[in-house]
Amino acid sequence: MDSGRIVWAPHVEHGFILGTITDIGSTTITVQPTAANTKAITASYNQVFPAELDNKKEADDNCSLMYLNEATLLHNLRIRYSKDKIYTYVANILIAVNPYHDVPALYNQQQVAKYKGKSLGLLPPHCYAIADKTYRDMKVLGLSQSIIVSGESGAGKTENTKFVLRYLADNYGSGDDIDKRIVQANPLLEAFGNAKTMRNNNSSRFGKFVEIHFMKVGRVVGGFVSHYLLEKSRIVMQNSRERNYHIFYRLCCGAPLDIRSKLQLSSPDNFRYLRHGCTQYFIGDKEAAKVKDVLSDEHKEKGGLKDILLNDYADYTKLVGSMKQIGVSHDDMLDIFQVVAGVLHIGNITFEEGGDSSGGCIVSETSAKSIQITSQLLGLDASALTEALTTRSMRSAGESNTIKVPLKQEQSSSAREALAKSIYSRLFDHVVSRINQCIPFQASDGFIGILDIAGFEYFEVNSFEQFCINYCNEKLQQFFTKRVLREEQDLYAKEGLGVHELIKPVKHIWTLSQKTLLSDLIESPRTGILDILDEENKLPTSSDHHFTSVIHLKHKNHFRIAIPRKAQLATHRSLRDDEGFLIRHFAGAVCYQTVQFVEKNNDALHNSLEILVANSKNKLVSQIFKSSQTHSTKGKLNFISVGNKFKTQLGQLMEKLNNTGSSFIRCIKPNLSMQGALFEGGQILSQLQCSGMVSVLDLMQGGFPSRAPFNEVYSMYKAIMPPKLKRLDSRLFCQALFKAIGLDNEDFKFGLTKVFFRPGKFAEFDQLMRSDPEHLKILIKKVEKWLLRARWRKVQWTSYSVIRLKNKMLWRRQQYICIQRHFRGWRARRLHVPRLVGLRKVVNLLTQLGRLREMTGVLKDNRREMLLKVEKHEKNINLSIDKIKNTILEGRVMEQMYRSLLEQEEVLIKDIQSRKMAEDAAEKARKIQEDLEKERKRREEEELRKKKEEEERARKRKEEEDDQRKREAEEQKKREEQQYKIQARLEAEMAARRKEEEMKRTIEEQEKRDHELAMRIAKDDGQFVEDFPPVGVIQQQKRLVDSQNEMCVNMIVVGGVGAVGAMGATNKNDLSKWKYTELRDAINTSTDIQLLEECREEFHRRLKVYHMWKAKNKARNQTQEMRAPKAVSDNAERRPTAPVPRVMQIKKKENEQRYFRIPFIRPSDVGRDPNLTRKGWWYAHFDGPYIVRQMELHPDKVPLLLVAGKDDMQICELTLVDTGLTRKKGAEILPGEFEQVWNTNRGREYLLSAINNKQARPSYATAALQAAR
């Protein structure tokens, strides 16, 4: 940009403001606004846009401007809006700015007729032009069409939709009542689905897709209405400046007195669902005087609301007329009004605490009348309604008895609101269904669908409704961008430019937008926001906080979602992380507060309430509930997902849109105060961005955004051109200008009717044309020169074309001769080729005769007979060849002749083969007989030889067995003699020891009697005698030790000579006085193998004694502690083995590792689990004779891990021999199986922790783990 150039700079209030460049920086531009007393603006390059030279220029299509950007778009809308030109094109997209006043003659019947059959662009922009274009596209292309009307609340979507419907019905209607019914359905939908909001007096609180179906001749044959996402929360709560749905106020204000009396309707102040919002009517002073008795206090104080399109008093009459027009009878109409009034009276039911011990609530005394009125209007029993609102029926699975659970005051209030919302929403569904019933069609050749849905919404408090609406707009925006790109391609193809003219940046923008879709964030199975919300609804105790936390957890790295602290508004930044989430939409970031998300996502009633209203005496209430009733047997709250229902409906809608052609009407709201002739640029720019129009401009910038018809370019520069150039036609004029200026061919393209410019090139062309008069003279000379060259090239091309035509005629003559030659050849081939083919086939049969003769020569018995048959076959072949050569035969006859000869040959071959096989079989049988005889003789010789060898082996085996028995008898005799000697020596020692014991007991008894006698004498004489224990007591410990030694001797004698020899080596160390900790430390640190084995024996012996003592002295009610399965401990008790001598233990393989697994049931589970579902497993790792790792696994318990050293008091103390596991079949497992289970249950970490804390005893497992580290 040059310094001093006029540009558009960003401005908060006006969107953009006109100014001149005063400074150019590296990243910013300084612009001085042309308006007086305005400070300079510094902005980045991408926020400043060039301006048109003529600031007052306005265009029907923004694409015809020299500069196509958001600033020129906004300025063009501003100029046109000031002239009451509320419609503007951007290519084929229509932008409609709400005028908020009547524009004269804009929608009259003359305009309806004027646009019929006119192509887009021939007349000023209008919604009628879009409607007619869609109709013509449907007829010409044979494809159904859709018109997508979008915009924020108050932008005029509903009105434009009505204008389009009226245009199609008036111009292409069938002339029957069906046309009027389609038009008259709108007042009915507005009454039940529209309401006053802060931004719009007639805001549609639902989305609708109206289909107008046409027959083959192009006339209306019927229609269908689909609706989406009715705002049910408005039924029970509104903002103080907003109203409930129109139908409530029209009944209270416009209904006759008899109907109001029947429905018990009065002022809005008397209804809780109305008095919290705005209670003013849309009526004038005359109507207010007629309905003084139903005016609210607010209406009396402030007066009525004003809107040129709304009048609650008169609109009631229009509503009744519309309902009659679509076929609703008077009785059905009263039934509908009765249900609407019933919803209002439901809101007047209040509750208070019951005061009893149940903790439930009751209906307040002031609500008794409301209960009666509601029950009467809805056809319910008053007591049943009271009970259903204050209690909930519960029934356990498999039981028939129903329990009434009292509800708290808050729960009853929630049930009341849910009932009101459910009744009204189902009534709305019924109204839409009645509309569809009145515009039926049997068959359709196409339809035009008009989609009226809310645009992108962003409020201070955004809830579930805004989330669904913005989710819908995300889908529509992606569809919109895709269709605009395709329409640009279609336009280029239509003008002959080719779709490849859309350069890579445009496709890159589309690809990038696809990669950042919100579909994976919202729609993905299991991880999408809607599925997470459904899962939260299904939880027993669902909460909005938990739902929000799960979203942040599962999508913490997603680009499109963030925590509320990153929002722009301070009110949003104050939210906690579990109170909301921020989503980056295409139009900007929106912070959603998740309060009531879970509640609003459930569209179901408690089963008791639903059954009550489904069985209503009111036919309409019963009908609308039974048609959508869900069944539950447990009295629980059913769950119907609103979010997934909307997702399904949206998917069906997108499928329809994708299968139809599309047109777009973007409605714009010019100001927030809903005033006429007020254009707030900043607010409108935001809407253009939210509607995707700025994105469209970015897409078009990648192609040829500026375009103009040839005649417009001709008109722009005709005044400055000389007369000789004015005589040229518009297309030739443009070609001459562009070639004379020397524009690059890549900067512009000529279509069939328009010239297309790259971004900014139209302005450069205009600047060259208007820059300098002298330059214009040179330009004219260049044009004349180019025209002269063009005409000369035309003459050259004409001459060249004549020469080419002459050469072409000569070439065609030669081709005719060639064609005749080929035709004659074709006829000859057609006649004789079949004969040649047949002759070739038959001649090929002669080649087979040599093979037949070879096969016959092999035969022995039948050779002569078969040779005669071969000669006969040869004769038949020769006859057939002569016949084909001498006679013109048909192909069918020659084929039959060939097949007959072929069959003869096959029969001959089979005959030869069968005879040959018979001869071969006879020869083979003879050879087999000879081989069998040889084999029989060989086997007899082999059996004789084997028999002799077997007898020799038996003799030698008998001699060896006799020698072995003799040696064993001698050894057994020696062992018995040695054992007898040892037994005799031990018995002699035992006899001497018993004799000595008897002597000692005799002396002890004598000493005891002497001591007692001395004590009695001393007592009689009053003397003192020292009380010392007798010698027997002193010797008692010694006798105990000797008795234990005797037991060991007996066990050794039983064990044999080997045991005696082993016990002969006494312990080197006396460990009886060692402490438990000293034994453990010695085991962990000692390097003396003998000491280590002695310490292990003593350690495990003490553990056995300790556990026996502990089992003996346990409490009566205490379950016996089990360190091993009962089968292991029982085996140890049944087998009281002698201590294994240390010498034998040393000889065993010290690093022998064995692993075992057996079933294990805790004593506490015995008898409680007949199906053995609590059966666990007991794992043990033996390092030598002792356990070093032990593990217990039970289904409902934490795994129990034990390590030798750290858990000595809990681990099993039995040796491998004592446990008997080596004899238990299937108990021993592989090391890998044990290690896998051990590591799965975090055994590795447990053992590693014991090693680090120096609590684990050194073993094979600890050494392996330390080596792995």
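Trainee: How many bridges join β18 to strand β19, and which way do the two strands run relative to each other?

Mentor: Bearing in mind that this is a predicted model, the answer is that two bridges join β18 to β19, the latter made of residues 580–585, and that the two strands run antiparallel. Within that pairing, I561 stands opposite I583 of β19. The pair belongs to an open sheet of three strands, arranged in the order β18-β19-β20 with antiparallel pairing. Because β18 (561–562) and β20 (588–593) each have a single partner strand, they stand at the edges, and one side of each is left without a neighbour in the sheet. As background, strands of a sheet pair through backbone hydrogen bonds, in either a parallel or an antiparallel manner. A helix also belongs to this picture: α21, residues 544–554, lies across β18 and β19, and runs at about 45° to β19.

Aromatic rings give another way of tracing the fold, and the structure holds 30 aromatic pairs. One of them is formed by F467 and F597, a tilted pair with 6.0 Å from centre to centre and 55° between the planes. This pair links distant parts of the chain, since F467 is in helix α17 (residues 464–494) and F597 is in helix α23 (residues 597–600), 130 residues apart. Both F467 and F597 are buried. Elsewhere, ring pairs link a cluster whose members are Y107, Y115, Y128, Y135, F163, Y167, Y172 and F214. Rings also meet charged side chains: the charged end of R243 sits over the ring of Y249, at 4.0 Å from its centre, and K841 lies over the face of Y898, 5.5 Å from the ring centre.

The backbone deserves attention too, given that most residues other than glycine have a negative phi. A105, in the loop between β7 (93–97) and α2 (109–114), has a positive phi near 60°. With a relative accessibility of 48%, A105 counts as partly exposed, the cut-off for exposed being over 50%. L229 likewise has a positive phi, near 55°, and is found in the loop between β12 (220–228) and α6 (233–236). At 23% relative accessibility, L229 counts as partly exposed, because buried would require a value under 20%.

Finally, N862 sits in the loop between α34 (848–858) and α35 (863–886), and with 22% relative accessibility N862 counts as partly exposed. Leaving aside its neighbours within four places in sequence, N862 is in contact with R915 and E919. N862 and I912 are 50 residues apart in sequence, and their C-alpha atoms are 9.0 Å apart in space.

Technical notes: Residues are numbered from 1 along each chain as its sequence is written. This is a predicted model: local features need pLDDT of at least 70, side-chain atom pairs count only at pLDDT 80 or more; totals for chains, interfaces and linings use all residues. Side-chain values use heavy atoms; hydrogens and water are left out. Two strands pair if DSSP finds at least two bridges between them. Helices (H or I, at least four residues) and strands (E, at least two) are DSSP runs, numbered from the N terminus. Contact means heavy atoms within 4.5 Å. Axes are lines fitted to C-alpha atoms, for helices over the stretch in contact, and angles run from 0 to 180 degrees between N-to-C directions. Buried means under 20% relative accessible area, exposed over 50%, partly exposed in between (1.4 Å probe, protein chains only). Rings of Phe, Tyr and Trp (its six-membered ring) pair if their centres lie within 6.5 Å; planes under 30 degrees apart count as stacked, over 60 as edge-to-face and the rest as tilted. A charge sits over a ring if NZ of Lys or CZ of Arg is within 6 Å of the ring centre and within 35 degrees of the ring normal.
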